[in-house]
Amino acid sequence: MNVEQSGPRLLTVCGSLQRRSANRAILRLARAHAEAAGAIVEDFDRLAELPAFDPDRGDEAIESVQQWRRQVASADAVLVAAPEYAGAIAGAVKNAFDWLVGSGELYRKPVALLSVGTSGGRHARRMMAQTLTWQGAYVVADLGVASPRTKLDERGGLHDMATAAALRSLVRALVDATTGPSRALVGVATAVLASLGVEEGHVVPAD
Ligand SMILES: Cc1cc2nc3c(=O)[nH]c(=O)nc-3n(C[C@H](O)[C@H](O)[C@H](O)COP(=O)(O)O)c2cc1C
């Protein structure tokens, strides 16, 4: 990251490990929107290198875990795009989140969630919203993109106008969340949880 640049720092994370990923294709488009809105975007692309979470190893110097924690800590906001597998969040993503529970990098961090896949991944988004909220993150926006093959072209372009507009709004909401007061984030996060059917009592109070 270039320290001379200004603008909110956004970290993108793709929860799919497969080469040809609809989540990654949408994340690339989201990145372009974020950069157009003035954000400085970094990506974390090493989910497959994070070992299975083990509390006994929480303080161990595992290079991939250290990089993950460092990148989340230095970001002003995080955008996760993750597939739903068998009605639940992809395991690699939950594993990555688990490495942050003890070290706390997600505390009061604005996060936006995407799930691209057959159904639009409502279960994946709900589960991510729940666990991220329990870690103290503010989930400020979420978007499910169903049937991506009908919306993405061969080169990863999005030809569904409603989805393109919703993606722009999601990115805008995340970028805006980096500048607002935390009491505003509490309200937004509470509304997102309600829309996903997640119990709202764990939203961290404003500082
Ligand atoms: C093992 C497996 C389980 C899946 N389970 C679901 C599911 O529960 N809900 C759903 O909407 N899609 C499900 N899908 C389809 C994925 O949404 C679809 O493959 C999606 O494109 C995966 O994201 P990716 O292209 O970014 O890898 C599943 C796919 C696989 C391979």
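How do the residues of the shell around the ligand divide into nonpolar, polar and charged? The shell holds five nonpolar residues, eight polar ones and one charged one, where Asp, Glu, Lys and Arg count as charged, Ala, Val, Leu, Ile, Met, Phe, Trp, Tyr, Cys and Pro as nonpolar, and the others, Gly among them, as polar.

This is a predicted model, in which local features need pLDDT of at least 70, side-chain atom pairs count only at pLDDT 80 or more, and totals for chains, interfaces and linings use all residues. Residues are numbered from 1 along each chain as its sequence is written, and side-chain values use heavy atoms, with hydrogens and water left out.

Around the ligand there are 14 residues, each with a heavy atom within 4 Å of it, and the closest are Ser 16, Gln 18, Ser 21, Gly 87 and Ser 119.

| Residue | Atom of the residue | Distance |
|---|---|---|
| Ala 22 | backbone N or O | 2.8 Å |
| Asn 23 | polar side-chain atom | 2.8 Å |
| Gly 87 | polar backbone atom | 2.7 Å |

Of the 620 Å² of accessible area that the ligand has on its own, the protein covers 65% (Shrake-Rupley method, 1.4 Å probe).

Turning to the helix, Gln 67 has its place in α2, residues 63–74 (a helix is a DSSP run of H or I with at least four residues). Gln 67 is buried, because its relative accessible area is 19% and buried means under 20% with a 1.4 Å probe and protein chains only. The side chains of Gln 67 and Gln 71 are joined by a polar contact of 2.7 Å, that is, a pair of N or O atoms within 3.5 Å, of which one must be able to donate a hydrogen and the other to accept it, while residues adjacent in sequence count only if both atoms are side-chain atoms.

Definitions and conventions. Helix = DSSP H or I, 4+ residues; strand = E, 2+ residues; numbered from the N terminus. Buried < 20%, exposed > 50% of the residue type's maximum accessible area, 1.4 Å probe, protein only.
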